[in-house]
Amino acid sequence: MKLIEQMTLEEKIGLLHGDGFFQTKGVKRLGIPPLKMSDGPMGVRHDFPKASWIAKGLSSDYVTYFPSNTALAATWNPELAYIFGQDLGAETRGRGKDVILAPGINIIRHPFCGRNFEYMSEDPFLITKMAPPIVRGIQENDVAACVKHFALNNQETNRLEVNVEVDDQALEEIYLPGFKACVDEGDAYTFMGAYNKFRGDYACESTFLLQDILRGRWGYDGIVISDWGACHSTDQAMEAGLDIEMSVTDDFDSYYYADSLYQKVMDGIIDEALVDEKVERILHLMEHIHMLEGPRKKGNYNSYEHQTNTLITAEESIVLLENKANFLPLNPDDYQRIAVIGDNANRQHSLGGGSAEIKALYEKTPLAGIHHYLGGNHQITYVQGYSCEADVTQDQQSNLRMTALRMASQNDLVIFVGGLNHDFDTEGKDRQSYQLPFGQDRLIQELHAVNSNLLVVNMSGSAVDLTIAKTYSKALIHTWYNGMEGGTALANVIFGKVNPSGKLPFTMAKALIDYPSERLGEFPGDETVHYHEGVFVGYRYFDYEQIEPLYVFGHGLNYSQFALSDIEKTENEETFTFTMTLKNTSVVDGKEVIQVYVEDEEPKGKRPIRELKGFKKVFVAAKSEESVTITIDKKDIAHLSQKLKFHFGFSSRDIKMII
Ligand code: BGC
């Protein structure tokens, strides 16, 4: 007899709702285990008791802390995304979980969204290339990925209730492609329904999103799990296509998919066949990941290999924004006394941010990374320079500043590491200001006045105003919440052991008002937020309106010089294929990202000037060249006319050739 035929209605329903904050019920007598889940996008979160939000406090749940999704996106390297997925999947399994609540792939629509650091990019194409390999990598370990948050979850303000209104074109071209790719190319086993509403319906009750699009048009046969507390009904959610209800209260029988569902089936309001459909899907998933029958992969966590991989990713993610007169890389012999200043030089971030928090086995800060690199042959002095405490007085803040200035004036070099932290880049609230907090701009200016050998490092998960930092520094680096080896990676870039190759996955504007969601659309809106900017998200808007950003989408310098030549195009029914030569004319080995943007010369209506439709990261040894092939799938440009131009460059505005 089939498993489902042996199950009582009550047992079936136990599979459809949380019976613990991170697990369903399971049916012991039939050998069906509970489905165990865990956050999240930067590693496997620590354990909680079944019905408490106070961590167990184990010594066995320290894990590898991976670079954030924004960092991963900034590598523009799908192979690293795949390796990250494999490692995260192995750690998930190693920790005894079945579903990892990652990756988060919502579009970065506005720089204030508190969860931007958990997401990837303002550009859907970059997401479609970076997210599916994560999903595949995870799922090769006999665990399921959970792609989140489906869909239109682009802000934290009023996140549980806000209703999103966006036109069909933007939905199709901007907000959905990443999710679709996780179905088509990632073969994701689970999706997480978002908190917010879309066109009046909660995402977890939206027939349009779950039934028409996800299951209907995309043919998704996996499971939809609600975000925690995102389910608001029994009938409507059941009908719309939500499979599992998870929530945040410990009265598990009171969930919509618990007693109430049982009663409604008993009363004939909900057909048991609908329950069966969901149970079948869940059993199918359990089979897929070998929960019902082995052998099942065992996974492992905290391996040296995982730690090394976090370092490689962190190194490739760091974006060199500015490098005046080739100030970087620094030769340690040139600077004996180094002042390291700024709160982020010495702050660990892993335990912050909300559900993406990580109990890291260790986390190397920038200061630790610099110490390691220089190995005791230098005099390194650290001062904080400013306090991040809410109750700090003006006097205390100015004392910290004065100390920093004194230090700066007495040293040969100043490395300032500032930016945001997880009080700003965090789940549950959005940022309020585009400026660097805690008077960092003033401090940077004053540091420059006393010591012009100033390197500024900004660490944040979102764009911030770096106008002052750009003006007053000799070099400017952008780094991320970059995993347990983030500090090592940063030092390796600063001192030239690693040639940086990260590229911005979002636009850094000169002013907040330059962002389309700020100027045209609404953010954070009220009960409803209208995405009036339509498809003109990020660089699509800046290019169209000819607004000069501070740093454009796709920007990132390196220590080499590259030249692109000999681009040739061939075409068949399905693809355009371009071959080209990438030359490294410098004496430093390096990696460059060739980016291909498509321009429609005969657009139907108002269209973005150019849109990313292909890219490749290529390593070229010093004084050598590589031949490179980039293929563009015609499906990705089916909505454009036949009259196309292809722009090839090293950023969205550093275009080297157009054909
Ligand atoms: C977040 C999800 C997370 C879940 C479980 C929710 O508040 O939005 O991303 O996976 O909590 O912790």
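What you're looking at is a predicted model, so local features need pLDDT of at least 70, side-chain atom pairs count only at pLDDT 80 or more, and totals for chains, interfaces and linings use all residues. Residues are numbered from 1 along each chain as its sequence is written, and side-chain values use heavy atoms, with hydrogens and water left out. Helices (H or I, at least four residues) and strands (E, at least two) are DSSP runs, numbered from the N terminus.

**The six-stranded sheet**

- Start with an open sheet of six strands, ordered β9-β14-β13-β12-β10-β11, with mixed pairing. (Two strands pair if DSSP finds at least two bridges between them.)
- At the edges sit β9 (319-323) and β11 (379-383), each of which pairs on one side only.
- From one strand to the next, the twist averages 15°. (Axes are lines fitted to C-alpha atoms, for helices over the stretch in contact, and angles run from 0 to 180 degrees between N-to-C directions.)
- β9 and β14 (residues 475-479) run antiparallel and are joined by four bridges.
- Look for Val319, which has His478 of β14 opposite it.

**Helices on the sheet**

- Helix α12 (residues 366-374) packs on the sheet, where it touches β10 (337-341), β11, β12 (413-419) and β13 (454-459). (Contact means heavy atoms within 4.5 Å.)
- The direction of α12 makes about 175° with that of β11.
- Helix α16 (residues 486-494) lies across β12, β13 and β14, and it runs at about 155° to β14.
- How many of the nine residues of α16 are buried? Nine of nine are, so the helix is mostly covered. (Buried means under 20% relative accessible area, exposed over 50%, partly exposed in between, with a 1.4 Å probe and protein chains only.)
- The buried residues of α16 pack against α11 (304-317), α12, β12, β13 and β14.
- After α16 comes Gly496, which has a positive phi near 90°.

**Strands around β5**

- In general, strands of a sheet pair through backbone hydrogen bonds, either parallel or antiparallel.
- β5 (residues 190-193) pairs with β3 (residues 144-150) in the parallel sense over three bridges, and four bridges join β5 to β8 (residues 223-226), also parallel.
- Phe191 is the bridge partner of Val147, and Phe191 also stands opposite Val224 in β8.
- Thr190 and Met192 point one way from β5, Phe191 and Gly193 point the other way, and all are buried.

**Nonpolar cores**

- The largest nonpolar core has 164 residues, and Phe150, Tyr175 and Ile341 have the most contacts inside it. (Such a core is a set of buried Ala, Val, Leu, Ile, Met, Phe, Trp, Tyr and Cys residues joined through side-chain atoms within 4.5 Å.)
- Helix α4 (residues 124-139) gives the most to this core: eight residues.
- Leaving aside neighbours within four places in sequence, Tyr175 has contacts that include Ile107, Leu152, Val166 and Tyr531.
- Another core, of 30 residues, lies apart from the largest one and includes Ile370, Leu413, Leu490 and Tyr559.

**Cysteines**

- The count of disulfides comes to zero. (A disulfide is a pair of cysteine sulfur atoms within 2.5 Å.)
- Cys182 is in no disulfide, and the nearest cysteine sulfur, that of Cys146, is 11 Å away.
- Cys182 counts as buried because its relative accessibility is 0%.
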